[in-house]
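Work through the following exercises with the sequence and the coordinates at hand, and try each task before reading its solution.

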Amino acid sequence: MVAEDLFCTTHHLDIERKTIEDYCVKQISSTSFMLNGRCGVGELAPSTNVLATAQESVIILSHAVQGDKLTVNGVCTAVAYLIDGDGLVFSRRLELPFEKTVDNIDGNNEFIFTAKAFRTSAKIISLTEIELDGEIFLTVYLAQTNK
């Protein structure tokens, strides 16, 4: 009950009652894996060099269960900071899709995911491509609804 006045318990506001769902989250699997691939970046000058990579993030796009295997699809993004021959510093956003399969999963449940990217690095492969390397740490949680 909510009191209309803090010091008066005889007058009450309307009360709305609803069933609340909360989630009990259990960690069921953690895995890390290396990521490597090429990203298109548009045209670069021949004298361009990579200074650093930063702002790594991982986005989980979809997941699918087949039997006891869970396949997670996502994309790893990072920003490559580059310098050209004139000393001009600029950046390019790198995006690299991935697919990871996790074994021994009960497919009759809902899942919650967390994923982080670590130790990313970039290397210029051609004037239109940069290779992105990194490590992804993926954790799968089982979400049980409690009513």
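**Exercise 1.** Determine which residues Glu131 is in contact with, leaving aside its neighbours within four places in sequence.

Solution. Taking contact to mean heavy atoms within 4.5 Å, one finds Asn36, Gly37, Arg38, Ser121, Ala122, Lys123 and Ile125 around Glu131. Glu131 itself belongs to strand β8 (residues 129-146), where strands are DSSP runs of E with at least two residues, numbered from the N terminus. Its relative accessibility is 14%, so Glu131 counts as buried, a word that here means under 20% relative accessible area with a 1.4 Å probe and protein chains only.

The model is predicted, with local features needing pLDDT of at least 70 and side-chain atom pairs pLDDT 80 or more, while totals for chains, interfaces and linings use all residues. Residues are numbered from 1 along each chain as its sequence is written, and side-chain values use heavy atoms, without hydrogens and water.

**Exercise 2.** Find the aromatic pair and classify its geometry.

Solution. Rings of Phe, Tyr and Trp (its six-membered ring) pair if their centres lie within 6.5 Å, and planes under 30 degrees apart are stacked, over 60 edge-to-face and the rest tilted. By this rule there is one aromatic pair. The ring centres of Phe33 and Phe98 are 5.6 Å apart and their planes stand at 55°, so the pair is tilted. Phe33 lies in strand β3 (residues 22-40) and Phe98 in strand β6 (residues 89-102), 65 residues apart, so that the pair links distant parts of the chain. Phe33, at 13% relative accessibility, counts as buried, and Phe98, at 7%, also counts as buried.

Terms used. Helix = DSSP H or I, 4+ residues; strand = E, 2+ residues; numbered from the N terminus. Buried < 20%, exposed > 50% of the residue type's maximum accessible area, 1.4 Å probe, protein only.
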